[in-house]
Amino acid sequence: EGGTLALPPTFCLPQFRAYPIEKKTYMVRHQHGMAVTKTLREGQAEPQCLRFFYSPEELQGLLPEGASLLLLRVLACRWAVPPSLLFPTIDSEGQLCTSSY
């Protein structure tokens, strides 16, 4: 009673082995645009790499993750978000997408 769950004395939780997942994103900007390389490695398997390239036109107004967090703080302090505030950004998969506030 009192919201406590009592388990039988013979109950045993299953044991899970550690299964490391390593994710890395590299973004390199140069005069012809930006190259994005996503690397995923699960356990001891060979790393899987995905590469994307974006032209300067596609990146016009790009808001990187750190700048997005800063913008959110400024908007919160001002208690005002302009209507239809949209920025291009790169998602966790390395794809170009739109971030709205």
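Which residue follows α1, and is its phi positive or negative? The answer is Trp79, with a positive phi near 55 degrees. This is a predicted model, and here is a quick tour of it. The protein has one helix and five strands, arranged along the sequence as β-β-β-α-β-β.

**Overall picture**
- Of the 101 residues in the protein, 21% are buried.
- Among contacts with a separation of 6 or more, 32% join residues 24 or more positions apart.

**The helix**

**The nonpolar core**
- Seven residues form the largest nonpolar core: Met34, Val36, Phe52, Tyr54, Leu59, Leu62 and Ile90.
- Two strands, β2 (33-42) and β3 (48-54), each contribute at least two residues to this core.
- Leaving aside residues up to four places away in sequence, Leu62 touches Met34, Pro88, Thr89, Ile90 and Leu96; Met34 and Ile90 are also members of the core.
- In soluble globular proteins, nonpolar side chains tend to be buried together.

**The largest pocket**
- The largest pocket has a volume of about 250 Å³.
- It is lined by 15 residues, and those closest to its centre are Glu65, Thr89, Ile90, Asp91 and Ser92.
- Two or more lining residues come from each of β1 (21-30), α1 (65-78) and β4 (86-90).
- Sorted by class, the lining holds six nonpolar, six polar and three charged residues.

Notes
Residues are numbered from 1 along each chain as its sequence is written. This is a predicted model: local features need pLDDT of at least 70, side-chain atom pairs count only at pLDDT 80 or more; totals for chains, interfaces and linings use all residues. Side-chain values use heavy atoms; hydrogens and water are left out. A nonpolar core is a set of buried Ala, Val, Leu, Ile, Met, Phe, Trp, Tyr and Cys residues joined through side-chain atoms within 4.5 Å. Buried means under 20% relative accessible area, exposed over 50%, partly exposed in between (1.4 Å probe, protein chains only). Helices (H or I, at least four residues) and strands (E, at least two) are DSSP runs, numbered from the N terminus. Contact means heavy atoms within 4.5 Å. On a 1 Å grid over the protein atoms alone, a cavity is a set of points where a 1.4 Å probe fits but cannot get out, and a pocket is an open set with protein on both sides within 12 Å along at least five of seven lines; lining residues have an atom within 4 Å of a point. Grid points are joined across faces, edges and corners, and a volume is the space filled by probe spheres set on the points. Ala, Val, Leu, Ile, Met, Phe, Trp, Tyr, Cys and Pro count as nonpolar, Asp, Glu, Lys and Arg as charged, and the others, Gly among them, as polar.
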